[in-house]
Amino acid sequence: KWYYSCYGETTITHAEIYCYSGTAGTAESWSLYIRKNNTTDTLIATVAAATNERIFTNGSLSIPMAAGDYFEIKAINPTWATNPLTTIFGGYIYME
């Protein structure tokens with residue numbers, strides 16, 4: 001889980017999260033969310049692809065953040081027929 005705390009007023013406008021798995025796994029729907037203050041989830045994207053690389057992107061976000069607010073990246077993992085293995089995440093959260 002990723003965690004970031006805000007130090008001033010800002011708005012999250014765009015998220016781009018990259019996921020790479022050594023073993024791709026099957027194509028069940030996999031969703032990533034921005035979770036604000038451990039209460040509110042906003043969908044980044046749902047990807048259903050049996051590929052090694054999955055990209056979760058959303059350029060239409062408008063999540064206001066105040067000083068002291070924080071967010072995490074939350075994944076809802078499906079029940080896989082074949083699990084993706086050796087998975088690593090990275091990405092960007094854009095704030096204005």
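**Exercise 1. Lys74 and its salt bridge**

Task: In this predicted model, find which side chain meets Lys74 in a salt bridge, and at what N to O distance.

Solution. 
- Step 1. Lys74 and Asp41 meet through their side chains in a salt bridge, 2.7 Å from N to O.
- Step 2. Lys74 sits in strand β7 and Asp41 in strand β4, so the pair links distant parts of the chain, 33 residues apart.
- Step 3. Check accessibility. Lys74 has 26% relative accessibility and is partly exposed. Asp41, at 32%, is partly exposed.
- Step 4. Look for a further partner of Asp41. Arg35 also forms a salt bridge with Asp41, at 2.7 Å from N to O. Arg35 is buried, because its relative accessible area is 18% and the cut-off for buried is under 20%.
- Step 5. Join the pairs. Arg35, Asp41 and Lys74 make one network, through salt bridges that share partners.

**Exercise 2. The remaining salt bridge**

Task: State how many salt bridges the whole structure holds, then describe the one formed by Lys36.

Solution. 
- Step 1. The search of the whole structure gives three.
- Step 2. Lys36 pairs with Asp69, and their closest N and O atoms are 3.8 Å apart. That value passes because the cut-off is within 4 Å.
- Step 3. The two residues are 33 apart and link distant parts of the chain: Lys36 belongs to strand β3, Asp69 to the loop between β6 (63-65) and β7.
- Step 4. Asp69 is buried, at 14% relative accessibility.

**Exercise 3. Aromatic pairs**

Task: Count the aromatic pairs. Then classify Tyr18 with Tyr92 and Trp30 with Trp80.

Solution. 
- Step 1. The whole structure has five aromatic pairs.
- Step 2. For Tyr18 and Tyr92, the ring centres are 6.5 Å apart and the planes stand at 90 degrees, so this pair is edge-to-face.
- Step 3. Tyr18 is in strand β2 (residues 10-23) and Tyr92 in strand β8 (residues 85-95), so the pair ties together parts 74 residues apart in sequence. Tyr18 is partly exposed, at 29%.
- Step 4. For Trp30 and Trp80, the centres are 5.0 Å apart and the planes stand at 85 degrees, so this pair is also edge-to-face.
- Step 5. Trp30 is in strand β3 and Trp80 in the loop between β7 (70-76) and β8, so this pair ties together parts 50 residues apart in sequence.
- Step 6. Both are buried: Trp30 at 3% and Trp80 at 15%.
- Step 7. Trp30 and Trp80 belong to one aromatic cluster with Phe56 and Phe89.

Definitions and conventions: Residues numbered from 1 in each chain as written. Predicted model: local features only at pLDDT ≥ 70, side-chain atom pairs only at ≥ 80, totals over all residues. Heavy atoms only, no water. Phe/Tyr/Trp six-rings, centres within 6.5 Å; stacked < 30°, edge-to-face > 60°. Helix = DSSP H or I, 4+ residues; strand = E, 2+ residues; numbered from the N terminus. Buried < 20%, exposed > 50% of the residue type's maximum accessible area, 1.4 Å probe, protein only.
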